[in-house]
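Here is a short briefing for a reader new to this structure. Look over the sequence and the model first, then read the points below.

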Amino acid sequence: MGYTLCVLGCGTMGIAVLSGVVQSLDNTSRLAAGAEVAKWESHTPGTVTPTGPPDETSPSRYIACVSRQESAGKLRKIFGALGALGSSIEVVAGQNLPSVEQADVVLLCCKPQVAHTILSEQGMKEALDGKLLISILAGVTINQLSGWVLPSTKVIRAMPNTPCRIREGMTVVSTLPPSQDVDKDHAIILKIFSSIGRCRFLDEKHFDACTALSGSGPAFACIFMEAMADGGVMMGLPRPEALELAAQTLQGAARMVLQGGTHPAQLKDAVTTPGGCTIAGLLAMEDGRVRSTIARAIQIATEHASQLGQPKK
């Protein structure tokens with residue numbers, strides 16, 4: 001009943017997406033058998049675990065494409081560690097065209113600068129005829145991609161981030177073009193990306209900012225987390241405990257915003273008592289221009305994202 005999902009250029013993000021989808025479906029089977037799932041999965045409202053038997057909007061076959069046999073061997077080990085469903089992922093090297101010919105939905109995960117080369121392979125346009133092509137390439141526009149395929153190919157952009165590997169991702173998807181299969185395509189996309197985190201549809205004009213905020217954001221958050229842990233170590237805490245405290249504190253604050261709909265400023269004010277240690281620390285952060293520095297990082301990353309995948313001037 002399901003469809004065949006092909007990942008072209010299965011690197012870091014391709015692995016993260018496939019791993020998340022496979023683990024999601026595997027958890028569905030375990031839940032049906034009465035097994036327990038990890039606590040962090042059971043209370044994530046943005047993550048939807050598929051229920052019921054697979055249908056035409058659920059993948060039933062997976063093909064991961066890479067360019068080298070060495071990479072293929074590494075992927076087989078990674079997917080094999082995910083269990084029986086992970087081991088069923090077909091990993092091939094140098095077989096982009098035949099893989100796309102067998103697929104119903106194609107996820108383009110290669111580096112932006114090689115996308116044109118891959119899509120320009122002889123016979124590739126015909127192989128993509130009438131199929132759903134989902135690109136996660138930063139900076140490569142729908143207009144560019146549409147110029148490399150036939151008009152019948154349905155081109156969509158998606159911007160997931162690396163936490164989708166543990167089903168805590170944030171994916172932004174471009175609005176779908178009108179077609180007779182728009183409802184089915186919408187369901188396919190939601191099942192892929194909602195099973196590995198939160199998923200939102202936005203106009204393509206917002207994608208560079210989304211690339212900076214949620215795509216690069218985990219790296220920015222890790223800098224802040226590491227700095228918090230360093231402060232704890234400076235004040236005598238052991239490194240492992242300092243890092244655990246910092247990570248869980250950030251996770252807890254984020255969940256309060258997402259689950260309770262509370263604005264970050266409200267959370268901040270709730271723990272900021274007159275003359276207390278929190279306001280003292282906040283003023284130190286303001287002295288260091290933390291707010292403007294973080295906001296500028298998003299601005300600069302957005303501007304850089306707009307240049308990715310574009311011809312060099």
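**The second largest pocket**

The second largest pocket holds about 800 Å³ of space. Its lining has 36 residues, and those closest to the centre are Gly-9, Cys-109, Cys-110, Lys-111 and Pro-112. Keep in mind that this is a predicted model.

**What lines the pocket**

- Several elements give two or more residues to the lining of the second largest pocket: helix 1 (12-32), strand 2 (59-66), helix 3 (69-80), helix 10 (207-215) and helix 15 (290-305).
- Helix 1 supplies the largest share of this lining, with four residues.
- Sorted by class, the lining has 21 nonpolar residues, 14 polar residues and one charged residue.

**Salt bridges: the count**

- How many salt bridges does the count come to? The count is 10.
- Three of these pairs are described below, each with the exposure of its partners.

**Lys-268 and Asp-269**

- Lys-268 and Asp-269 form a salt bridge, and their closest N and O atoms are 2.9 Å apart.
- Lys-268 has a relative accessible area of 29%, so Lys-268 is partly exposed.
- Asp-269 is also partly exposed, at 49% relative accessibility.

- Arg-68 pairs with Glu-70 in a salt bridge, with 3.4 Å between the closest N and O atoms.
- Is Arg-68 buried, exposed or partly exposed? Arg-68 is partly exposed, because its relative accessible area is 47%.
- Glu-70 has 49% relative accessibility and therefore counts as partly exposed.

**Asp-181 and Lys-154**

- Asp-181 and Lys-154 meet through their side chains in a salt bridge, at 3.8 Å from N to O.
- This pair links distant parts of the chain, as the two residues are 27 residues apart.
- Where does each partner sit? Asp-181 lies in the loop between strand 7 (169-174) and helix 9 (182-194), while Lys-154 belongs to strand 6 (residues 154-159).
- Lys-154 is buried, because its relative accessible area is 15%, and buried means under 20%.
- Asp-181 is partly exposed, with a relative accessible area of 30%.

Conventions: Residues numbered from 1 in each chain as written. Predicted model: local features only at pLDDT ≥ 70, side-chain atom pairs only at ≥ 80, totals over all residues. Heavy atoms only, no water. Salt bridge = Lys/Arg side-chain N within 4 Å of Asp/Glu carboxyl O. Buried < 20%, exposed > 50% of the residue type's maximum accessible area, 1.4 Å probe, protein only. 1 Å grid on protein atoms, 1.4 Å probe; cavity = no way out; pocket = protein on both sides within 12 Å on 5 of 7 lines; lining within 4 Å. Points joined across faces, edges and corners; volume = space filled by probe spheres on them. Nonpolar A, V, L, I, M, F, W, Y, C, P; charged D, E, K, R; others polar.
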